[in-house]
Amino acid sequence: MARNVKRITIETEGRDQGKVFVLREMSASQAEKWAMRALLSVARSGIDIGQVAGQGMQGIALMGISALLAASWEDAEPLLDEMMSCIEIQPDPTKPNIVRPLIEDDIEDVPTRIYLRREVLELHVGFSLSGVVSKPTSETKPTTSS
């Protein structure tokens with residue numbers, strides 16, 4: 001089965017309004033390693049991960065992205081960067097077949113970055129994390145892509 005893909009159009013007023021982002025699911029091995037590094041980082045920060053220790057990305061989702069904020073920057077930064085590697089941009093909203101990796105200036109508003117991170121996690125765990133950050137977009141349902 002192919003990995004999930006989700007297209008998100010930013011509707012919130014601001015510099016990112018109208019931009020289309022394409023989120024692609026990590027491979028199973030990459031997602032497992034990411035989740036283990038995240039859980040270990042959270043555990044090192046002193047948060048009890050006992051109930052979710054063996055649940056991978058779903059455990060992170062249940063704890064909330066805010067749990068990652070308790071981790072040291074040295075632990076959190078590569079995890080946050082890796083989440084962003086799941087996101088591409090569709091430079092022309094009228095041409096859905098043309099996407100490219102993000103460059104620094106593609107996302108201009110911090111709330112967009114936070115929202116896209118939440119969406120990346122939701123794409124991987126298969127359930128909504130609504131309520132963590134308000135939803136400033138329209139989106140298409142996840143599809144599979146090869």
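User: Where is Asp106 found?
Analyst: Asp106 lies in the loop between β4 (100–101) and α4. Helices (H or I, at least four residues) and strands (E, at least two) are DSSP runs, numbered from the N terminus. One caution: this is a predicted model, where local features need pLDDT of at least 70, side-chain atom pairs count only at pLDDT 80 or more, and totals for chains, interfaces and linings use all residues. Residues are numbered from 1 along each chain as its sequence is written, and side-chain values use heavy atoms, with hydrogens and water left out.

User: Is Asp106 buried or exposed?
Analyst: Asp106 counts as buried because its relative accessibility is 6%. Buried means under 20% relative accessible area, exposed over 50%, partly exposed in between (1.4 Å probe, protein chains only).

User: What does Asp106 contact, leaving aside its neighbours within four places in sequence?
Analyst: Asp16, Lys19, Phe21, Ile89, Arg100 and Pro101. Contact means heavy atoms within 4.5 Å. With Arg100 there is a polar contact, side chain to side chain, at 2.7 Å. That term means a pair of N or O atoms within 3.5 Å; within protein, one must be able to donate a hydrogen and the other to accept it, and residues adjacent in sequence count only if both atoms are side-chain atoms.

User: New topic. How many helices and strands are in the chain?
Analyst: Four helices and six strands. From the N terminus, the order is β-β-α-α-α-β-β-α-β-β.

User: Which residues have the most contacts inside the largest nonpolar core?
Analyst: Phe21, Leu23, Trp34, Ile87 and Leu116, in a core of 27 residues. Such a core is a set of buried Ala, Val, Leu, Ile, Met, Phe, Trp, Tyr and Cys residues joined through side-chain atoms within 4.5 Å.

User: Which element gives the most to this core?
Analyst: α4, with six residues.

User: How do the axes of α3 and α4 cross?
Analyst: At roughly 80 degrees, coming within 9 Å. Axes are lines fitted to C-alpha atoms, for helices over the stretch in contact, and angles run from 0 to 180 degrees between N-to-C directions. So α3 is roughly perpendicular to α4. Angles under 35 degrees count as roughly parallel, over 145 as roughly antiparallel, 65 to 115 as roughly perpendicular and the rest as oblique.

User: And which residues make that contact?
Analyst: Leu80, Asp81, Met83 and Met84 come from α3, with Arg113, Arg117, Val120 and Leu121 from α4.
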